[in-house]
Amino acid sequence: MDYQTWVNKALLKIGELDEGSTFVLKDLFPGVEWHTLARGEKLNLGRKFKANVDSKIIPYVVIVDSPKGTSTTHKKVK
């Protein structure tokens, strides 16, 4: 799996969101696209995405809530 391709797709979708919008990663992949990934791929993609947000590689996105064992909620900021 090419994780960078999936991160790039997510960035394009984030660009379409209004400032202040909250989302979980799977919200950025409409229809069945998210469901084509295996569970392990989803988990790894989520970890990579979160690490990119934490390190500011992905700008204009902050983590709102990161409960253990569930999806991290993000927010698009200015």
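**Salt bridges and their surroundings**

Tutor: The count of salt bridges comes to two, in a model that is predicted. Side chains of opposite charge can pair when their charged atoms come close.

One of the salt bridges joins Lys9 to Glu33, with 2.9 Å between the closest N and O atoms. Lys9 belongs to helix α1, residues 3–16, whereas Glu33 sits in the loop between β1 (22–24) and α2 (39–54), so this pair ties together parts that are 24 residues apart in sequence. Lys9 has a relative accessible area of 32% and is therefore partly exposed.

Asp54 counts as partly exposed, because its relative accessibility is 46%. Lys50 is also partly exposed, with a relative accessible area of 27%.

Helix α2 holds Asn52 as well. With a relative accessibility of 15%, Asn52 counts as buried, since that term applies under 20%. When its neighbours within four places in sequence are left aside, Asn52 is in contact with Val7, Ile57 and Ile58. A further residue of helix α2 is Asn44, which is partly exposed at 30% relative accessibility. Between the C-alpha atoms of Asn44 and Tyr3 the separation is 8.4 Å, although these residues are 41 apart along the chain.

The next point is the packing of the two helices. Two packed helices are described by the angle between their axes and the distance between the axes. The axes of α1 and α2 come within 10 Å and cross at roughly 60°. Helix α1 is therefore oblique to α2. The crossing in which α1 passes α2 is right-handed. From α1, the residues that make the contact are Tyr3, Trp6, Val7, Ala10 and Ile14; from α2, they are Glu41, Asn44, Leu45, Lys48, Phe49 and Asn52. By residue class, the contact of α1 with α2 consists of seven nonpolar, two polar and two charged residues.

Leu28 is buried, with a relative accessible area of 3%. Leaving aside neighbours within four places in sequence, the contacts of Leu28 are with Ala10, Lys13, Ile14, Leu17 and Phe23. From Leu28 to Asn8 the C-alpha distance is 11 Å, and the two are 20 residues apart in sequence.

Beyond helix α2 comes the loop between α2 and β2 (61–65), where Lys56 is found. Lys56 is not a glycine, yet its phi is positive, at about 65°. Lys56 is exposed, because its relative accessible area is 59% and the cut-off for that class is over 50%. Tyr60 lies in the loop between α2 and β2 too, and its phi, near 65°, is again a positive value in a residue other than glycine. Tyr60 counts as exposed, at 54% relative accessibility.

Finally, strand β3, residues 73–76, contains His74. His74 counts as buried, with a relative accessibility of 3%. Apart from its neighbours within four places in sequence, His74 is in contact with Ser21, Thr22, Phe23, Phe49, Val53, Val61, Val62, Ile63 and Val64. His74 and Leu17 are 57 residues apart along the chain, and their C-alpha atoms are separated by 12 Å.

Terms used:
Residues numbered from 1 in each chain as written. Predicted model: local features only at pLDDT ≥ 70, side-chain atom pairs only at ≥ 80, totals over all residues. Heavy atoms only, no water. Salt bridge = Lys/Arg side-chain N within 4 Å of Asp/Glu carboxyl O. Helix = DSSP H or I, 4+ residues; strand = E, 2+ residues; numbered from the N terminus. Buried < 20%, exposed > 50% of the residue type's maximum accessible area, 1.4 Å probe, protein only. Contact = heavy atoms within 4.5 Å. Axes fitted to C-alpha atoms, helices over the stretch in contact; angles between N-to-C directions. Parallel < 35°, antiparallel > 145°, perpendicular 65-115°, else oblique. Left-handed = near helix turned anticlockwise from the far one by under 90°. Nonpolar A, V, L, I, M, F, W, Y, C, P; charged D, E, K, R; others polar.
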